[in-house]
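Subject: Structure handover and notes

Dear colleague,

I am passing on the structure that we discussed, and my notes on it follow directly below. Please read them alongside the coordinates.

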Amino acid sequence: MEATHSREQVMGHNRTGIKASPMDGRALERTVSDAPPPHTESLQATSLREKFTRQADRFGSVPVVATARGVAETALHVLQGHRLASFTDKLGERLAFERSGVRAYEAVLVKLEALGAWRGGPTRDLLQAHCNEELAHFHMIKQILEHLGADPTAMTPSADVAAVQASGVFKVLADPRTSLSQALQALLVLEDVDADGWDMLVEVAASTKQDQLAGKFRDALATEETHKERVRGWLSHAALADAQRTGDGRQQASMH
Amino acid sequence: MALKLMEEKGVPLERQRFTLRELTPAPMSKLDDDAFTRVRIILMNGIEMGANRFQHLAAAFNEDLREPLARVRRVEHHQQTMVNWLLSPDDSPLDITLGYEQVAIEVTASIAEHEPDDYLAQVYRFGLLEDFDHLYRYSALADRLEGKDANNILQSYTDVLPGRPTSFEHRDPHDDLRDHYDRKAAAPLSKVHALTLFTGEYQTHNYYLTIGPMYTDPIARGLYAEIASIEEQHVTQYGSLCDPKETWLEKWLLYEATEVYNYHSCMQYEGNPRIRAIWERCLDYELGHLQFVMGLFKDIERRDPAEVLPEELPDMIDYKSHREFIRKVLDKEVDYTAEGHRIGPRGQFHDGARSAEYRDHLNKDGSFSETVAENYVWRPGTELVDRSPRLVA
């Protein structure tokens, strides 16, 4: 599909820089030009932040596993105390991440439908396949948590932090003014983190001899690595299409 | 435990001070604290905001009161800061929005249950079902925009179901005004209830107007604009319940009594000891304000505060789930509408032509609240729980 409504970057009256205001900008520069540069090392703010960081409470706890049955039935019984809490926390994070991933791909699909893509860019079928795979991962983690006797509806501390981390990404995806390539750039942030998250789960499962789980996690990791590579590829093609684009370069600096 | 308003002296105004560090306490835990802790923080921020706003207005109209108002107002402002800074920054603006609606549902339900005046109780039940619907719409937004489960915030205390449809709640201003209570005949608790909801809804309105434009999603922006419009109606409704013949000082007394009443309720229910200590400190400060204003009332108006205030305030706000009460109200009154100052079943009233025309015009180009929740059914863990993973290619 070729781009039908690409978001071209245009040269125009951007007012944010100091040179956009020749008179006031010069006056501003004059007020600071004679002052020596201030010392900005060893500021009090840094030590104050360190103090707050040492004293801060944690975000919260990992919910207690409802029944020990699930854990006992698996080799995960070797995970006790904080290791079990940490594993449940990370499973909760992946669950929330994959669930949000479905919504992220839905937002990118909106961009594709509304704006179209470039040669070598994403197709509807591939984006939908990624979306479905995120959903499948969500269901897989949900089942694992249920099997362990954990509550898959709970928000774990790492899930909470991951949501804060992703909040900027979702702002970019939902903004009708962003282009498809800008949305994919934001999506890449998610896919990057996602693959690392699965990688860590593989390590934990493998280290506790959870071969079956490790296998499932490896499959998910492979899928997420494919997502990441595809998104990178689509963005490369966008950059290439930009570079090869002819036309009014003065007014239109970038195609996507 | 009832609080004896005339006897409790609290902390004298001149001893009420804060450091900047005290104004910025560590936040509550989004995950481990009770949802009602968030509810209390949001409500008390709104009530403090209302007190501050009232005191600025009072100063604009009463030269003699400018100095005492400035002194009390500074403390109110700092209390508001301290309370509002308890909100957890890992709560997104939408999470906090869900909290605002939980306040509007559970606190209004408690007030509707305890309200001694039948007409006022009806008004509260009427408003309750509208905020109940807002929660449903915002929950759909959280689920469908970011894949988040509203129940992580609500902690199963509050149902996520449609109420009176938001798109139907739009009304001509004439149909938002209600009969006010009679300042001489009304129970003090009725006055405190009205001020609690007036200030609470006012802050909800402020909050939506502040954060609505920070969203990028066009449906989210539209939804906040639409619900902010309803909140403006609610502010009109609840504000109109207060008797306009009350004097400025009489109203000031009631504002202080409302703060005392609400901090006392917060203190009784709070399970987090650190936050409970904050409620207790604010209660002691508010008792000091009440004493201070009672003094002004006697000196300036030459009236006995007992004309306005009861000896003690019973029946605290119940910080608990009102699921059964709300379900009954939903079952019986979801189709109610308002015409002029009256509220009743849609068939009984005509739902006046004014509001019908107003609503039709507002919804002419479509309704964001309908779009955001099209076919939405909340499920534990989001609606994606129902979507089959077998779709995988």
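The largest nonpolar core has 114 residues, and those with the most contacts inside it are B:Val107, B:Tyr124, B:Trp252, B:Trp279 and B:Leu309; a nonpolar core here is a set of buried Ala, Val, Leu, Ile, Met, Phe, Trp, Tyr and Cys residues joined through side-chain atoms within 4.5 Å, where buried means under 20% relative accessible area with a 1.4 Å probe, protein chains only. The most residues in this core, 14, are given by helix α5 (residues 118–146) of chain B, helices being DSSP runs of H or I of at least four residues and strands runs of E of at least two, numbered from the N terminus. A second, separate core of 50 residues has among its members A:Phe97, A:Leu173, A:Leu201 and A:Leu213.

As to provenance, this is a predicted model, in which local features need pLDDT of at least 70 and side-chain atom pairs count only at pLDDT 80 or more, whereas totals for chains, interfaces and linings use all residues. Residues are numbered from 1 along each chain as its sequence is written, chains are lettered from A and ligands numbered from 1 in the order in which they are written, and side-chain values use heavy atoms, with hydrogens and water left out.

Turning to the interface, 32 residues of chain A are in contact (heavy atoms within 4.5 Å) with 30 residues of chain B. The two chains bury about 2,700 Å² between them, 56% of it on carbon and sulfur atoms, buried area being the accessible area (1.4 Å probe) that two parts lose on being put together, summed over both. On the chain A side, A:Arg99, A:Arg103 and A:Met155 lose the most area to chain B, together 24% of what that side buries.

Four salt bridges are found across this interface, the criterion being a side-chain nitrogen of Lys or Arg within 4 Å of a carboxyl oxygen of Asp or Glu. A:Arg103 also forms a salt bridge with B:Glu383, at 2.9 Å from N to O. The elements that give two or more residues to the side of chain A that touches chain B are α2 (44–55), α4 (81–115), α5 (124–147) and α6 (157–174) of chain A, and the largest share, eight residues, comes from α5(A).

Finally, chain A has eight helices and two strands, in the order β-α-α-α-α-α-α-α-α-β along the sequence, and buried residues make up 42% of its 256 residues.

Best wishes
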